[in-house]
Amino acid sequence: MSEAIKWIPLALCLLIAASRFRAVTRGESRSIFAVFMLTSGVIALNISDIYLAVDRVLGERNYAYLLLRLMLLGVFALLGIRTAAGYQHRSTARLVAAPAGYAVLGVSAVVLAAAFLLSDLPVSSPGLSLYRDAPGVLWLTKAGLLYPAFVAVCLLRPTAEAVLRARRVPVRVSSALLLLGFVLVLVITALPIEGRRVEDAATVLSYTATLSIAAGITVLWAARRREHRMPPPSLREPD
């Protein structure tokens, strides 16, 4: 993905986060704000100049890459738990916010950190492009996909059913965005992790998936806010 294009989703995420800042000061929209701030950080660290500047502060040993991957886990943790709350009656959705889900998140973070520490990455390199074929980096990439794939598998069926059966338009729209994001996550996980073209495709899909899921959460949040002003029927559809 072109460096210039990366500034567009970064600006969009920062704009959405800024629009929620006043609500955060009132104790509202904290998870939405956190999602878009973390997503902004992930996108920013995919921009070479920002990555190199941050990594210079951290010691120029590619700790910025580890930070990026951990932030991405944080994004999917917040998105997954927030989405699962809307599908509590679905057993697969409950797994995300259950001990099993937190265990997968913890294992993913530990494996990710271990793979990073065991890799020889002496020179700062955005996206670890200098080490693309190193075995440790391949494990690092797979470890970073473990938890997002788990969230996607758990929430794929409930979101698909909501797209088909939900009565309210905002719920259908948000579910469609979530479904698109989860499908893209699984596509990224299934892709081979070698080759420049594959890597570029995975980067584009990663941005699209994250922004699609975040947009779906935002639409659902806005719908709930609106319905709080009237007798609030449940948005946890389908039954």
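**A helical protein and its nonpolar core**

C13 has a relative accessibility of 0% and therefore counts as buried, a label given under 20% relative accessible area, with exposed meaning over 50% and partly exposed the range in between (1.4 Å probe, protein chains only). C154 is likewise classed as buried, because its relative accessibility is 5%. The structure holds 0 disulfides, a disulfide being a pair of cysteine sulfur atoms within 2.5 Å. The model is a predicted one, in which local features need pLDDT of at least 70 and side-chain atom pairs count only at pLDDT 80 or more, while totals for chains, interfaces and linings use all residues. Residues are numbered from 1 along each chain as its sequence is written, and side-chain values use heavy atoms, with hydrogens and water left out.

Turning to the fold as a whole, the protein has 10 helices and 0 strands; helices (H or I, at least four residues) and strands (E, at least two) are DSSP runs, numbered from the N terminus. Of its 239 residues, 44% are buried. The protein exposes about 11,900 Å², of which carbon and sulfur atoms supply 67%; these areas come from the Shrake-Rupley method with a 1.4 Å probe, and for residues only the protein chains shown count as cover. Among contacts (heavy atoms within 4.5 Å) between residues at least 6 apart in sequence, 73% join residues at least 24 apart.

Buried along α1 are K6, P9, L10, C13 and A17. Viewed down the helix axis, these buried residues fall within an arc of 100 degrees, so they line one face of α1; the arc is that of the directions from the axis to the C-beta atoms. The face turned away from this buried side carries the exposed residues A4, I8, L15 and A18.

The largest nonpolar core has 56 residues, such a core being a set of buried Ala, Val, Leu, Ile, Met, Phe, Trp, Tyr and Cys residues joined through side-chain atoms within 4.5 Å. At least two residues of this core come from each of several helices, including α1, α8 (135-165) and α10 (196-227). Its largest share, 12 residues, is supplied by α5. L128 and Y147 have the most contacts inside the core. Not counting residues up to four places away in sequence, L128 touches Y51, N62, Y65, L121, V137 and L140.
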